[in-house]
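Subject: Structure for you, with notes

Hello,

Here is the structure I promised. My notes follow below it.

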Amino acid sequence: MGIEARIPMIIGNWKMHKGTIPETSELLRGLIPLVRDVADREIVVCPPFTTLESATYLCKDANISIGAQNLHWEEKGAFTGEISAPMLLGLGVTHVIIGHSERRQLFGELYELVNRKIDSALQFNLAPIVCVGENLDEYRAEQTFRVVEKQIECGLKGLSDIQMREIVIAYEPIWAIGTGLAATSFRAEMVHSFIRARLAETFSPEVGNSIRILYGGSVKPDNISEFMLQPDIDGVLVGGASLEADVFAKIVMGKPFYR
């Protein structure tokens, strides 16, 4: 599978915003007509749990898929306040973000939990969007590659080449999330190339060549093109800029990807 087979992907992570049905409806009703004619890239939005059902209903005839921001690794059980993969499937969800830096840092999600969540998502045919990335101290200490390598090694442990076909990796340097700072396109490409090479070594050259690796971290309409022109960057995971329909649409419809 060559580079031309990696369909670009644009994901909007709403985090704990737009969590009421009127807010989600307003944002999606504004976004849907703006991106209606986009056919050369995949669009996914990840609202809060509270509006996933409304989002899937609104997008049932649109070219937008709906993802969740997290899930529990068990199918069911005494886990008060948690959401399982079957619950997400019942809402029409197709993707799920796993291992986001905010989950790792604020809620103590370690490597084993990320791995178990990936297993659960795959078991129930949810496409995992697996986040990796270094914090500011690790970046300054030039430990980016070591940190990312460990996150990949532990998070994807035990997966087969076939399962890897369903995985999307999102490289998010933590120091660039919500700060207004972004890695240069050159540096982001270096890390993406490293990730692709490690996946090729760990699994197979086919996996390394075919897997989609996204960049996340203060992505905006005015910097999207420089990232998308890099050969190993297959899309973006967008935070704050996905909360306004016109701004996110500009990112979705950024200049052509490198292909």
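With 259 residues, a compact globule would have a radius of gyration near 18 Å; the protein has 17 Å, which agrees. That radius is taken over C-alpha atoms, and the globule rule is 2.2 Å times the number of residues to the power 0.38.

Please keep the ground rules in mind. This is a predicted model, where local features need pLDDT of at least 70, side-chain atom pairs count only at pLDDT 80 or more, and totals for chains, interfaces and linings use all residues. Residues are numbered from 1 along each chain as its sequence is written, and side-chain values use heavy atoms, with hydrogens and water left out.

**Overall**

The protein has 12 helices and 8 strands. These are DSSP runs, numbered from the N terminus (helices: H or I, at least four residues; strands: E, at least two). The C-alpha atoms fill a box of roughly 45 × 45 × 35 Å along the principal axes.

Buried residues make up 53% of the 259. Buried means under 20% relative accessible area, exposed means over 50%, and partly exposed is in between (1.4 Å probe, protein chains only). The protein exposes about 12,000 Å², and carbon and sulfur atoms supply 53% of that area. The areas come from the Shrake-Rupley method with a 1.4 Å probe; for residues, only the protein chains shown count as cover.

Of the contacts with a separation of 6 or more, 73% join residues 24 or more positions apart. Contact means heavy atoms within 4.5 Å.

**Charges and salt bridges**

There are 25 positive and 33 negative side chains. The centres of the two sets lie 1 Å apart. Lys and Arg count as positive, Asp and Glu as negative; His and the chain ends are not counted. Each charge is placed at NZ of Lys, CZ of Arg, CG of Asp or CD of Glu.

Side chains of opposite charge can pair when their charged atoms come close. A salt bridge here is a side-chain nitrogen of Lys or Arg within 4 Å of a carboxyl oxygen of Asp or Glu. By this rule the count comes to 12 salt bridges.

Some of them deserve a look:

- Lys15 pairs with Glu102, the closest N and O atoms being 2.8 Å apart. The pair links distant parts of the chain, 87 residues apart: Lys15 is in the loop between E1 and H1, Glu102 in helix H4 (residues 101-107). Glu102 is partly exposed, at 29% relative accessible area.
- Glu42 and Arg212 meet at 3.0 Å, N to O. Glu42 lies in strand E2 and Arg212 in strand E7, so the pair ties together parts that are 170 residues apart in sequence. Glu42 is partly exposed at 24%, whereas Arg212 counts as buried at 17%.
- Arg41 bridges to Asp40, with the closest N and O atoms 3.1 Å apart. Arg41 is buried, at 9% relative accessibility. Asp40 is partly exposed, at 47%.
- Arg6, Arg196, Asp232 and Asp234 are linked in a network of salt bridges.

**Backbone**

Most residues other than glycine have a negative phi, and most peptide bonds are trans. Which way does phi of Lys18 go, positive or negative? The value is positive, near 55°. Lys18 is in the loop between strand E1 (9-13) and helix H1 (21-34), and is partly exposed at 28%.

Ser218 also has a positive phi, about 55°, and is not a glycine. Ser218 is in the loop between strand E7 (212-216) and helix H11 (224-228). This serine is buried, at 15%.

**Two loop residues**

Phe49 is in the loop between strand E2 (42-46) and helix H2 (52-58). Phe49 is partly exposed, at 34%. Beyond residues up to four places away in sequence, Phe49 touches Ala68, Asn70, Ile83 and Leu88. The C-alpha atoms of Phe49 and Gly67 are separated by 9.6 Å, at 18 residues along the chain.

Glu109 is in the loop between H4 and helix H5 (111-123). Glu109 is buried, at 5%. Leaving aside neighbours within four places in sequence, Glu109 is in contact with Asn70, Gly99, Arg103, Arg104 and Lys117. Glu109 and Leu122 are 13 residues apart in sequence and 19 Å apart in space, C-alpha to C-alpha.

Best wishes
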